[in-house]
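Please consult the sequence and structure shown here while reading.

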Amino acid sequence: GEWCITEDAELGLRIFEAGYEALYLSYSYGRGLMPDTFIDYKKQRLRWAYGAMQILRRHTTELFSTKSSGLTNGQRYHFLAGWLPWVADGFNLIFNLAAIAWSVAMIVSPTLVMFSVLPLSLFAFKLSKMVYLYRSRVKANLRQTVAAAIAGLALSHTVGLATLKGLFTDNMPFVRTPKMARPSAILQALAAVREESLMLISLISVVIMLSLVPREFGSPDLSIWSVVLTIQAIPYAAAVLVSFVSSFRWPARLLGGSIKRNVYVHEV
């Protein structure tokens, strides 16, 4: 489908809709290269998440309708379950923007207090799932697991943005992911995460300003809300860190367990 920027995934869904089955062969017929820099890593995941939303919109009837279809209930479940975490990142981005605005209102009027356990639950679930899968399924060691988890969190903003764009637009061009590219210069690497940097600065700034609210207006809820905002800032800090790390050329002896290999682990 030329209308879809993840045409291979869309083709697979159409094959199932036509009533065909797929078999898994535990043998690799080819090898590929992963992105070398964080900006290219972001471009790849942006395309995947945006394309998934294109597929979700175009195949809504087959995925959600109760009418007869070539898809089995199990196939519907696995397609949707694979995309739901990306949709959650989209809602999380909306929450973060609303949280910043609400925090500013709390600073102006300290009697306003709100606490939501939902973002904390999503963050804990996402991190626990990543650690479990890396250790049990990919057989990654502790260092690889930590690095891969950081790389995964670093894409939260990119995936969230791509999901929201994919749900409401349909004009993003196909951009091939560069391979074996030169490491980005530090300034280029930081420019690649300007949106994440802005969100990180905004969240940390409101946390600092909330800490300056007069004690007579303070409450346990206000402290917990500051913790929520701090945890929400972690994926943005991870994006800045990974982009900064990717700007350096690492010795070959380190690549076996460094961020490059762990990016591969995350893709798996």
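## Confidence of the model

The model is predicted. Its chain has an average pLDDT of 83, and 82% of the residues reach at least 70.

Confidence is highest in helix 7 (residues 156–168), with a mean of 94, and lowest in helix 11 (residues 259–267), where the mean is 42. Over residues 257–268 the pLDDT stays under 50; for this stretch the model has 34 contacts beyond four places in sequence.

## Helix 2 against helix 4

Helix 2 (residues 38–58) and helix 4 (residues 73–108) cross at roughly 120 degrees, and their axes come within 11 Å. The two helices are therefore oblique to each other. Their crossing is left-handed.

On the helix 2 side, the contact comprises Arg45, Trp48, Ala49, Ala52, Met53, Ile55 and Leu56. These residues meet Leu80, Trp83, Trp86 and Val87 of helix 4. By class, the contact of helix 2 with helix 4 has 10 nonpolar residues, one charged residue and no polar ones.

## Helix 2 against helix 7

Helix 2 also packs with helix 7, at an angle of about 35 degrees and with the axes 8 Å apart. This crossing is right-handed.

Helix 2 contributes Lys42, Arg45, Leu46, Ala49, Tyr50, Met53, Gln54 and Arg57 to the contact. From helix 7 come Thr158, Val159, Ala162, Thr163, Lys165, Gly166, Leu167 and Phe168. The contact of helix 2 with helix 7 divides into eight nonpolar, four polar and four charged residues.

How values were computed:
Residues are numbered from 1 along each chain as its sequence is written. This is a predicted model: local features need pLDDT of at least 70, side-chain atom pairs count only at pLDDT 80 or more; totals for chains, interfaces and linings use all residues. Side-chain values use heavy atoms; hydrogens and water are left out. pLDDT is the predictor's confidence in each residue, from 0 to 100. Helices (H or I, at least four residues) and strands (E, at least two) are DSSP runs, numbered from the N terminus. Contact means heavy atoms within 4.5 Å. Axes are lines fitted to C-alpha atoms, for helices over the stretch in contact, and angles run from 0 to 180 degrees between N-to-C directions. Angles under 35 degrees count as roughly parallel, over 145 as roughly antiparallel, 65 to 115 as roughly perpendicular and the rest as oblique. A crossing is left-handed if the near helix is turned anticlockwise from the far one by less than a right angle, and right-handed if clockwise. Ala, Val, Leu, Ile, Met, Phe, Trp, Tyr, Cys and Pro count as nonpolar, Asp, Glu, Lys and Arg as charged, and the others, Gly among them, as polar.
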